[in-house]
Amino acid sequence: MRPLRRLVPGLLAGTLVLAGSATALAGDEPAARPRPGSAGIGDPYFPQDGNGGIDVRSYDVDIAYDFDRGRLEGRTRLRVRAIHDLSRFNLDLLLPVQRVRVAGRPARWTRPDRHELSIRPARPVLAGDVVTVVVRYAGRPGRIGWQGEQNWLADHGEVVAMNQPHMAPWWFPANDHPRDKARVDVSVTVPADKQVVGNGRLVSRTVHGRQATTRWRAAEPMAPYLAFFAAGRFQVDHGVHHGLPWYVAVSRRIPQPERSRAMDLMRRTSDVVRWTERQLGPYPFSATGGLTTSLEPGFALENQTRPTYPVMSGSGALATVVHEVAHQWFGDSVAVRGWRDIWINEGAATFMEARYAEAHGGMKAQRWMEGTHALLADHDGFWAVPVDDPGAERIFSEPVYLRGGMAFQALRTRIGERDFRTLLRTWLADREGGHGSGAELEQLAAEVSGESLGGFFDAWLRAPRPPARTAANGFA
């Protein structure tokens, strides 16, 4: 995610301006008798996120959306593996439920609260078994709020399901935590004069009367919040770039000449992907692209294979594309193990903005880091946030992005270009399609460099004061 308000908006232009802000699955110990899966996966930031006892293998999401009424009807088929013998298990869903089937049989279900769907199969599900769960549901997601979040983004002409850290429960039942990735296949039925864009590759579009059903399939597993769809009237372009299929779309409701500029920007995605591959290693997915919406989310988001953007302008527009493309490696391919680790995703993506600017004639990343450090030296509140454990309410705060990004550049200087490159590529290759934590990244940095880096990481991630301007802290 990249908020529209940025602390250093002049990055690509080479200026420095102070402005506004911007595993294993958790389960229970084995037991002799079937027992319930827990109502959360074990993340202290969001205790109700995800669910214990299950591993979702795939989602087949089939929805119809009524723009006039803002009503969504859905049927989602999940393939679920039991981690231990289950008497019942939970899914995360905010819409009203109509019926549930497990392994082809009607299942009992209750709603312990608005967020949780508790399912009791007709027969216990034994450890290791994979069963099909089908949930039918319907409601108006735009009327639903949860824990202060109102995540549905839509009007009478366009809808985009995009948000972080939560989005899936507004439109399909999920094991809603990055720790449980699964393949996602989405079919969306809307009026035939509208188009649908989703993750992965377009499979089919079938017109039936005044309605049309469009199917998108993502080849690689993803965290539930990264699944998305958009429906509206779009200008579309697509092709293949160095063997990688790309698909981009821009809302036709965006007036000219902004729409043409947005399409030109979306078309640059493949070039940014190619450049990022040279820095981080092979692109981890089988398709790429982007979408610019006419709606106003207030941020861009790294939906897997197809980030979504608001209307953007100026040098910050390309920087935002670089940021979201970098997330395809940091955040999508290698997801957080827990939400406290978000600084890795956002810090790395912010650093890659600086690295891209440096590689394309802009400000040197070291100068950006040292200049930003100097400008913020007297901002005590900025340094008071421990970015490796900022708290649930601050996971998208400025320090997570900027202090995290500066830490990556400082580490680059501290351990040297060769070891830094090895660190990034090793982290991403070894954990491709999986997860990582801040503690694991710190350990790998020490192993790759052969240096004791505890003091460095304490200074950049945890100390309630700006790091001293020393060589040990990555200052030239």
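In strand β18, Trp246 is the bridge partner of Gly239, and the strands β17 and β18 pair in the antiparallel sense over eight bridges. Two strands are said to pair if DSSP finds at least two bridges between them, while helices (H or I, at least four residues) and strands (E, at least two) are DSSP runs, numbered from the N terminus. The hairpin of β17 and β18 has two residues between the strands, and His242 takes a positive phi near 50° there.

This is a predicted model, in which local features need pLDDT of at least 70 and side-chain atom pairs count only at pLDDT 80 or more, whereas totals for chains, interfaces and linings use all residues. Residues are numbered from 1 along each chain as its sequence is written, and side-chain values use heavy atoms, with hydrogens and water left out.

- β2 pairs with β3 in the antiparallel sense over twelve bridges, and the bridge partner of Asp62 in β3 is Arg75.
- β2 and β3 form a hairpin with four residues between them, and Gly70 in the turn has a positive phi of about 65°.
- β3 also pairs with β9 in the antiparallel sense, over ten bridges, and in β9 the bridge partner of Val80 is Val131.
- Buried here means under 20% relative accessible area, exposed means over 50%, and partly exposed lies in between, as computed with a 1.4 Å probe and protein chains only.

**Val56 in strand β2**

- Val56 is found in strand β2 (residues 54-66), and at 1% relative accessibility Val56 counts as buried.
- Leaving aside its neighbours within four places in sequence, Val56 is in contact (heavy atoms within 4.5 Å) with Leu78, Arg79, Val80, Asn175, Asp180, Lys181 and Ala182.
- Val56 and Val130 are 74 residues apart along the chain, and their C-alpha atoms are separated by 9.0 Å.

**The sheet of β4, β8 and β7**

- An open sheet of three strands has the order β4-β8-β7, with antiparallel pairing, and its edge strands are β4 (89-92) and β7 (108-110), each of which pairs on one side only.
- Neighbouring strands of this sheet are turned by 30° against each other on average, with direction ignored.
- β7 and strand β8 (residues 116-120) pair in the antiparallel sense over three bridges, and Arg108 stands opposite Arg120 in β8.

- In helix α1, the residues Arg259, Ala262, Met263, Leu265 and Met266 are buried.
- They cover an arc of only 160° around the axis, which puts them on the same side of α1; the arc is that of the directions from the helix axis to the C-beta atoms.
- The buried residues of α1 pack against β17 (234-241), β18, α2, β19 (288-292), β21 and α3 (315-329).
- The axes of helix α2 (residues 269-280) and helix α8 (residues 417-430) come within 9 Å and cross at roughly 105°, where axes are lines fitted to C-alpha atoms, for helices over the stretch in contact, and angles run from 0 to 180 degrees between N-to-C directions.
- α2 and α8 are therefore roughly perpendicular to each other, given that angles under 35 degrees count as roughly parallel, over 145 as roughly antiparallel, 65 to 115 as roughly perpendicular and the rest as oblique.
- Glu277, Arg278, Gln279 and Leu280 in α2 meet Arg421, Leu424, Arg425 and Leu428 in α8.

**Backbone features in loops**

- The peptide bond from Gln164 to Pro165 is cis, with omega near 5°, and Pro165 has its place in the loop between β11 (159-160) and β12 (183-191).
- A cis peptide bond also joins Gln256 and Pro257, with omega about 0°, and Pro257 has its place in the loop between β18 (244-251) and α1 (258-267).
- Thr305 has a positive phi of about 75° although it is not a glycine, and at 2% relative accessibility Thr305 counts as buried.
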